[in-house]
Amino acid sequence: MDRYNSKEIEPKWQKFWDENDVFHAKIDPKKPKYYVLEMFPYPSGKIHMGHVRNYAMGDVIARYKKSKGFNVLHPMGWDAFGMPAENAAMEKKVHPRTWTESNIKDMKEQLRPMGLSIDWSKELATCDPDYYAKQQSLFIDMEKSGLVSRKISKVNWDPVDMTVLANEQVVDGRGWRSGALVEKKELTQWFFNISNYSEELLKGLDALKGWPEKVRIMQNNWIGKSSGAEITFSIKNSITEFKNIKVYTTRPDTIFGMSFLAISPNHPIAVKLSKTNKRLNDFGIECQNNLTSEEALETAEKKGIDTGIKVEHPFIRDKKIPVFIANFIVMDYGTGAVFGCPAHDQRDFDFAKKYNLEILQVFEPENVEINDVSVKNSAILGEGRMINSEFLNGKTTLEARKIVCNQLEKKGTGIEKTNYRLRDWGISRQRYWGCPIPMIHCEKCGLVAEKKENLPILLPEDIEFDRPGNPLERHQDWMKTICPKCDSVAKRETDTMDTFVDSSWYFLRFTSPKDPKPINKEAIDYWMNVDQYIGGIEHAILHLLYSRFFSRAMVKTGHLPEKFKEPFNALFTQGMVCHETYMDGLGQWLSPEEVCHEKSGEIRKISDNSKVTKGASTKMSKSKRNVVDPKDIIEQYGADTARWFVLSDSPPERDIEWTESGVEAAWRHIQRVWRLAHEIINSEDLKSSNSEDEKIEKIRNQTIEKVSKGIETFAFNKSIANLYEFTNFISKSKSSKPSKIRSIKTLAILMNPMTPHLSEEIWEMTGEKSQLSSSMWPRAEEEYLREDLVTLPIQINGKRKTEIQINSGTPEDQIKLEALNNELIKKNLKGVSPKKVIVVPDRIVNIVI
RNA sequence: GCGGGCGUGAUGGAACUGGUAGACAUACCAGACUUAAAAUCUGGAGGCCGAAUGGCCGUGGGGGUUCGAGUCCCCCCGCCCGCACCA
């Protein structure tokens, strides 16, 4: 008998779908719409298994919804700006555009054989002048609406290459190419005022019912709302013109335990002092060598230096508090200064130990024996009851916070204050391959937005990547322009936008990718919101938060109706695709194709038969060479096998392990279903009993129910397990031919979202003329979903002893009676009368003795 | 360092709202078919003890709540993701 030949069948159906424009999404107000979107890829040039998994999942949803009667929008595009293109330009002397465009072409070719239900007519790339021109006009509107600002901020500076480095390009504090120690450099840059929306973005999280709880928690923490007090400390011994220092604290209750004040190295006082004090200046320079990432800041050794300045304690007369400059205080958060209470903050505790500062406990934790805790070894965190704090003694820490705030307000030295950790979004990049910021520097008029009719501001094509840095800055012709206000000669902004800007509205543009305006009202109104968004958990904060902000910005600038300010109704975050790693005797990583697994369990290198060490399974990555090319898999086994495999076994939110045997299992299943369909179609209709037909009909309906539920809840692995079971059942069933035909047709429909080619083929084999890709998802009939017989386990003291069969809905007393009369139970009870019998109807019986 | 998550047989995993742990699949073992192999089909199987009815142990480790814990609470360990210029 024939095998399922993927090389013939898959292109056949792909051609059919193409020619009939099956997945072309058109606005149809009569039909309910469904917008499913996978996070668009960066065009690296090669599709990897992570993409395959991501798109296979999206495709399951898209095809399922379509067969449920929805008008589905399932577009695809390219997140095409970004650093790798510039790196390629430097390394391979190829223009970023050429490199990017050829990558897009390659990836599209690799994607096509997967048989995804994508509407390619909606394709866009963020590096298309048409796309970034629209983005420039959105920027101009944002600038006019006060959503944009200029601020000084720090970048990683490579002093040898004379260029700005991304955090990723800093390896162990050094530039990745030059190896030079990275410095911090201050630049005036462009920002989106996302922090004005802190409260709004925080509140909005509650409405995102379709988002994973963990993502909402992460965003919530990222926004970091806190309430506390801003306290003004007066300086006793003014060595500078500054008379006081403002401090933000979330723990005003611990003010009597304060033993020092710490200010950021960038605090105006610190800066001022450094000018005249060499020690402070040296320390400032040392801090300058810290990296810009928060991670680096937090993991670096905590250091400080005494400024000699003393401040007054607001409640303790004559108490002098030393002021330190500390490397772990950031200027961007709060006021750039904190007070240190070593007894109740671990970081302050470590600092106090190091510099021999007083550690005074000011509250006792509640519900803990006093002897159990001590501030000798570590800080005491949390809440408790105040001690050593004068008028606060005996109060709870929560009460104390309120009282301190009131007292400070009375004295006029402090106020209650709410703070957010969220900082403004710095969008300036000193790079070529991004969307030019449409601003003009005019000597007379200052900063002026480009006129919309002059858009797009195109990236110049004639650029050189012979040296690091931003080629735009060296391109005199490109920079030279005319001030839109006064017509005098002016200079273009050379910064380009962060690529997160590009990805903050592409999902809107997909609804009308060729419209002359950034978005088309009618299309937005019909297609938005995205009903299901699918992507990696690594985007939980930045991309998703920026998109939520950007939608609000587009509401403010009049591009988007208010109702679309939260653009993603539901979010699903999928796990990574992992593979074992292999290393040869020389410590070199080997790819899976370079090794062979022997029966004995040993792994050997194919080229020289040497022994190979198996390493941990990690995310497929070029550097560890543990990648499997989807192209090879599709070529060898076909798209349906690849799709079936990436969806089976592991729950979608978890990482999956790519194994050769797993792919083979998927392949075997595809073949088995194919054979089964053939056998059934060509079989004689033998006599069968009605009860067999009833049985298969029951299983068929239950499978419909389970598989549908699995897809709806993103438990594709469970749907697949149910489909395996159903297949096993059909193949063993003694039911009549019509019953089996009905079942195999149901199997084909239910498998269609995962294995669309096989399903269409079987559908056609059964003589059906209609296409499977349109609405025909079956409905399970209620009467088959009921179970009349229930197996009830009986436990004695929580240990299962036996089980009984009862009719579902049997009353409690009767179950109890039956359980106690069971022979085995009687034997186990040995005449002891039970203390208690717990009966959970239709569930369990537990006899306590 | 901070924030979030995960941990179940040899392996991937299943177990609805606290109610029979191990569905389904892989690897493995045995059998059928075959000259043989592959493919396919049938069956077995968490670990330990036992000839067997069966017993004990078992969801990263330790403790707790409960008639009953993989699931809830506390502590610990390991791994993964994010930390604002990778996308």
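Helices (H or I, at least four residues) and strands (E, at least two) are DSSP runs, numbered from the N terminus. The structure is a predicted model, in which local features need pLDDT of at least 70 and side-chain atom pairs count only at pLDDT 80 or more, whereas totals for chains, interfaces and linings use all residues. Residues are numbered from 1 along each chain as its sequence is written, chains are lettered from A and ligands numbered from 1 in the order in which they are written, and side-chain values use heavy atoms, with hydrogens and water left out.

Proline 456, in the loop between strand 22 (446-449) and helix 13 (471-474), is joined to leucine 455 by a cis peptide bond with omega of about -5°. A cis peptide bond also links methionine 528 to asparagine 529, with omega of about 0°; asparagine 529 is placed in the loop between helix 17 (521-527) and strand 26 (532-536). In the loop between strand 5 (148-158) and strand 6 (163-165) lies methionine 162, a residue other than glycine whose phi is positive, near 55°.

Of the atoms of RNA strand B that come within 4 Å of the protein, 61% belong to sugar and phosphate. Helix 23 (residues 716-732) contributes the most to this surface, with seven residues. By class, the surface near RNA strand B holds 24 nonpolar, 18 polar and 25 charged residues. In this classification Ala, Val, Leu, Ile, Met, Phe, Trp, Tyr, Cys and Pro count as nonpolar, Asp, Glu, Lys and Arg as charged, and the others, Gly among them, as polar.

Individual atom pairs were examined at the backbone of the RNA. A polar backbone atom of glutamate 294 is 2.9 Å from a phosphate oxygen of RNA strand B. The side chain of lysine 799 places an N or O atom 3.1 Å from a phosphate oxygen of RNA strand B. For glutamate 298, an N or O atom of the side chain is 3.2 Å from a sugar or linking oxygen of RNA strand B.

Helix 21 (residues 660-681) and helix 24 (residues 737-751) pack at about 150°, with their axes 10 Å apart; axes are lines fitted to C-alpha atoms, for helices over the stretch in contact, and angles run from 0 to 180 degrees between N-to-C directions. The two helices, helix 21 and helix 24, are therefore roughly antiparallel, angles under 35 degrees counting as roughly parallel, over 145 as roughly antiparallel, 65 to 115 as roughly perpendicular and the rest as oblique. In the contact (heavy atoms within 4.5 Å), residues of helix 21 including Val673 and Leu676 meet residues of helix 24, among them Ile741 and Ile744. The contact of helix 21 with helix 24 has nine nonpolar, one polar and two charged residues.

Helix 2 (residues 49-67) and helix 22 (residues 690-712) pack at an angle of about 125°, their axes being 10 Å apart. Helix 2 is therefore oblique to helix 22.

Notes: Near = heavy atom within 4 Å. Polar contact = N/O pair within 3.5 Å; in protein donor to acceptor, adjacent residues only side chain to side chain.
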